[in-house]
Amino acid sequence: MINLHSLTFGYPHTAPILQDFNWKVERGETWAILGSSGCGKTTLLYLLAGLRFPTKGVIEIDGERLTRPRPRSGLILQDYGLLPWATVRENAGLGLQVRDFYGEDGKHTPKNFQPEKDPEYWLTTLGLSEVADKYPAQISGGQRQRTAIARTLALSPDLLLMDEPFSSLDAITREDLQNLTLSLCKEQNLTLVIVTHAIEEAIALGSKILLLDSSPRVFENPHVGEMEQRELYELLREKMRSEKSEK
Amino acid sequence: MSIIGLGIGWQIVAMLVNRDILPAPWDVFVVFVDELDNGLVTHFLYSLWRVTAGMALSVLVAAPVGLAIGGSKRLDRIFSPIIYILYPIPKVVFVPVVLLFLGIGDVAKITLIFLILFFQILVLVRDQAAGLPPQLIQSLQSLGAGRRALFRFVYLPASLPAILTALRQSIGTAVAVLYITELFATKYGLGYYIYYNGSTLFNYPAMYAGVIAMSLLGLGMYYAVDWAERRLCKWKFVG
């Protein structure tokens, strides 16, 4: 589904963050991108979202070269990106409003676009019905994140891009939302790419883990016994630690 | 309560001064009520029309320009120096020029109010639009929003509080400018009424009745902006 060919990206007047990077993601896979601060994991997500463009190389999604935000990719940011002046219901329906605004122009809105499910369905499914008329400032962090998820799912995406979406939440809420994300990916056959700096989260969510450092590596996560998970955790921790001491 | 306090203060000063030029508040109030039937309402309505038209025109022109400049770093680089050169110039100096080009009717008066308010609203709206968190813009872009949708769904609603704040801050200036513009080439408006009664007829109670009417005009406008803010920016009053 996602193909990165010899991708290079750097901000002006700095060394490239990503250089000659190749990566492939199959449909329905759940990937966690792990790495320390400044390693380029958020930049990689923004490149996949079509909000940044590579200095060299090509990004292909579904066989098409990415030149702008793709209508079937949903991006969920760390601070949720909700409009403070819109209620939960209005925020959940925002993507559809944007599509109505342009009409089916094939550029901002796919031709013959029909949302599979109403935003109201997602508000109910994600337990937001009771706070639907409240503003983001009136609800909890977990509810805000659910609203961002509802807004994205209302557009029937096939690719979910998440940038440290649960980092500011308490442990219980975080675990609930991690489970919710995984079950939604399974039900809706979504491809997930989640950026995190927490090894536990990467192991909990990623069937594959991309450790983004000076020489990016992929780790398979078989999601089996506690022992294997522990070993994977230790391995990732060791790699991240050695990368940090090399810096 | 504050109005009663103001009235008591006025009464004390009037008693201390004890001159025609500062009549007691009750005398002014009686004249004010009488004058309502003698044309004060007409003067009030003329002033209300001019100041409202000037303010509305300022918002209609300055808000989109401020949004466009605030939403584009390139436009900001081009236009900000021009704004900073023109903003501090006291626009009242343009009275002869405006009169020359636009005549002595309402258009010239409304244009002067517009000229003063335009820059205040423009700068506030531009700063608000430029200060929006990039995450907000990016999350909308990821939903497919291009420039037009960003203006409709982000920049415009985000700038509404700034527009209303600019309006609130401008009411005092607008009413002061209104007074100046109504000193010339008109027989209607509170500025004319105050000046005519104070400087030509020496009818000081009527002059103060005009001042009260002007205060009420400003007060009504403040309440109107507060009302609009509560209607349009409900999210600011929750939590």
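Which strands of chain A does helix 1 lie across? The first view answers this, and the others follow. The model shown is predicted.

**View 1. Helix 1 of chain A against the strands.**
Helix 1 of chain A covers residues 41-48. This helix lies across strand 1, strand 2 and strand 4 of chain A. Strand 1 is made of residues 2-9. Helix 1 runs at about 125° to strand 1 of chain A.

**View 2. The open sheet of chain A.**
Four strands form an open sheet in chain A. Their order is 2-1-4-5, and the pairing is antiparallel. Which strands stand at the edges? They are strand 2 (18-25) and strand 5 (64-65) of chain A. Each has a single partner strand, so one side of each is left without a neighbour in the sheet.

**View 3. Strand 1 meets strand 4 in chain A.**
Strand 1 and strand 4 of chain A run antiparallel. Five bridges join them. One bridge can be followed residue by residue: A:Ile2 has A:Ile61 of strand 4 as its bridge partner.

Strand 4 of chain A holds residues 56-61. Strand 4 pairs with strand 5 of chain A in the antiparallel sense, over two bridges. Which residues face each other here? A:Ile61 has A:Glu64 of strand 5 as its bridge partner. A:Glu60 stands opposite A:Arg65 of strand 5. Two residues lie between the strands of this hairpin. In the hairpin, A:Asp62 takes a positive phi near 55°.

A:Ser6 sits in strand 1 of chain A. This serine has a positive phi of about 45°, although it is not a glycine. Is A:Ser6 buried or exposed? A:Ser6 has 12 C-beta neighbours inside 10 Å, so it counts as exposed. A:His13 is found in the loop between strand 1 and strand 2 of chain A. A:His13 is not a glycine either, yet has a positive phi of about 65°. A:His13 is exposed, with 5 other C-beta atoms within 10 Å.

**View 4. Chain B as a whole.**
Chain B has nine helices and zero strands. Along the sequence, its pattern reads α-α-α-α-α-α-α-α-α. How far does the C-alpha trace of chain B span along its principal axes? The spans are about 70 × 50 × 30 Å. Chain B has 239 residues, and buried residues make up 36% of them. Now take the contacts in chain B with a separation of 6 or more. Residues 24 or more positions apart account for 75% of these contacts.

**View 5. B:Val98 in helix 4 of chain B.**
B:Val98 lies in helix 4 of chain B, which covers residues 95-102. Is B:Val98 buried or exposed? B:Val98 has 20 other C-beta atoms within 10 Å, so it is buried. Leaving out residues up to four places away in sequence, B:Val98 touches B:Ala108, B:Thr111 and B:Leu112. B:Arg152 is 54 residues from B:Val98 along the chain. The C-alpha atoms of B:Val98 and B:Arg152 are separated by 34 Å.

**View 6. The largest nonpolar core.**
How many residues does the largest nonpolar core have? This core has 121 residues. Those with the most contacts inside it are A:Leu34, B:Ile113, B:Ile121 and B:Val125. Now look at B:Ile121 and leave out residues up to four places away in sequence. The residues touched by B:Ile121 include B:Ser58, B:Val59, B:Ala62, B:Ala63 and B:Gly66. B:Ile163, B:Ala166 and B:Ser170 are also among them.

**View 7. Chain B touches chain A.**
The contact takes 18 residues from chain B and 23 residues from chain A. Which helices of chain B each supply at least two residues to its side of the contact? They are helix 6 (134-142) and helix 7 (147-181) of chain B. Helix 6 of chain B gives the most to this side, with six residues. By class, the side of chain B that touches chain A has nine nonpolar, eight polar and one charged residues.

How values were computed
Residues numbered from 1 in each chain as written. Chains lettered and ligands numbered in written order. Predicted model: local features only at pLDDT ≥ 70, side-chain atom pairs only at ≥ 80, totals over all residues. Contact = placed C-beta atoms within 7 Å. Nonpolar A, V, L, I, M, F, W, Y, C, P; charged D, E, K, R; others polar. Core = buried A, V, L, I, M, F, W, Y, C linked by C-beta atoms within 7 Å. Pairing = 2+ DSSP bridges. Axes fitted to C-alpha atoms, helices over the stretch in contact; angles between N-to-C directions.
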